Amino acid sequence: MKNGCDQPAYRLGILGASNIAVPAMLEPARVVEKVRITAIANRTLEKAGKLAEAYHIPYVAGSLEELLELGDLDGVYIALSNELHAEWAVRALEAGKHVLVEKPMCLHPEEAERLRLLKESSAAPKLAEGMMIAFHPWQQALKSIVDSGEFGPLRRISTRISVPAKDRYAGNYRSVKAKGGGAFADLGCYWLQFLQTLIGLQPSEIRAQSAFDGPEGCDWTLQAALQYENGLEAECLTSFELPFRASHTLHFAQTVLTVPDFFRPVKGFYKIKIRHDLPDNRSTLCEFAPMNYYVNQLEAFAEIMSGQRAEQLEATWERVHLQSLIMAEAQQHRVYL
């Protein structure tokens, strides 16, 4: 199978016909010539069949296990429920398939350690986490600004990621604690990945709190803050009950920079801006051409499979570990309303 550049196209299968499979894989695959979706499987066969018909996927496997046994697949995208991500990533790697697993790659440090040992103990295929915002250039541009010191020292980072839950996410993994439910498990990973790129994840102090008043005791709003040795503080508010917002605000000695609505490119090809956010200066510092996060991610996964791009798994293990510490801290400082 050849793409327009006369290079072999990777044949991918999809494990799980969940809602995320469409924007994260099926739509991007229409424009990313380096991959072809050739098979799909889901526990409910009818749902997989509908997606196969809509997106012209040639083969519907009768089970998840059957899909992994297909000899003509180069890799798989895992779009199963969160608590199944690590298990099926292991199975897919052991079956000789490259793996792109929807975030979070795993829920607990123990699962991360299992995956790490598997990757280190064998010539396993490639493994990547679907952290789609990591594959857009705005983060590296912002890091260059911070590192340059052109606006003086960075003193504080304030992040808010709030996505209102329709019907309290009834019937959705986000409202089931055992499946990684809650606002911070779902949204906090984007904050941690951003900090990891910008300043690293080695805080000297962790603070976190939540009322844990969502379904099954999930955190419906959670506040977290990381204090660094140099005095920098990074704070984040994640919520399933506040109005929609996805923004980073960086307070420098000489200016304030904001990345407003950084989730927008999940919906299609949209611009991202880095702008000054002072009363007398609302100018745009950087503006990026319209991009789609998931198209970027799929192109990056093709490069990971080919060895042109590093997997960066140590960064994934680090995020899983710190996210676990933050949740433990919030449990200790539970807010009773």
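**Sheet and pocket**

Author: The protein holds nine helices and 14 strands, these being DSSP runs numbered from the N terminus, with helices as H or I of at least four residues and strands as E of at least two. This is a predicted model, in which local features need pLDDT of at least 70 and side-chain atom pairs pLDDT 80 or more, while totals for chains, interfaces and linings use all residues. Residues are numbered from 1 along each chain as its sequence is written, and side-chain values use heavy atoms, without hydrogens and water.

Reader: Which strands stand at the edges of the open sheet of six strands, and why is one side of each left without a neighbour?

Author: The pairing is parallel and the order is β3-β2-β1-β4-β5-β6, where two strands pair if DSSP finds at least two bridges between them.

Reader: Which residue of β6 stands opposite E102?

Author: Strand β5 (residues 98-102) pairs with β6 in the parallel sense over four bridges. Opposite E102 in this region stands G130.

Reader: Which helix gives the most to the lining of the largest pocket?

Author: A pocket is an open set of points on a 1 Å grid over the protein atoms alone, where a 1.4 Å probe fits, with protein on both sides within 12 Å along at least five of seven lines; lining residues have an atom within 4 Å of a point. Of the 38 lining residues, the closest to the centre of the largest pocket are N19, I20, N172, Y173 and R174. The most from a helix, three residues, comes from α7 (residues 183-198).
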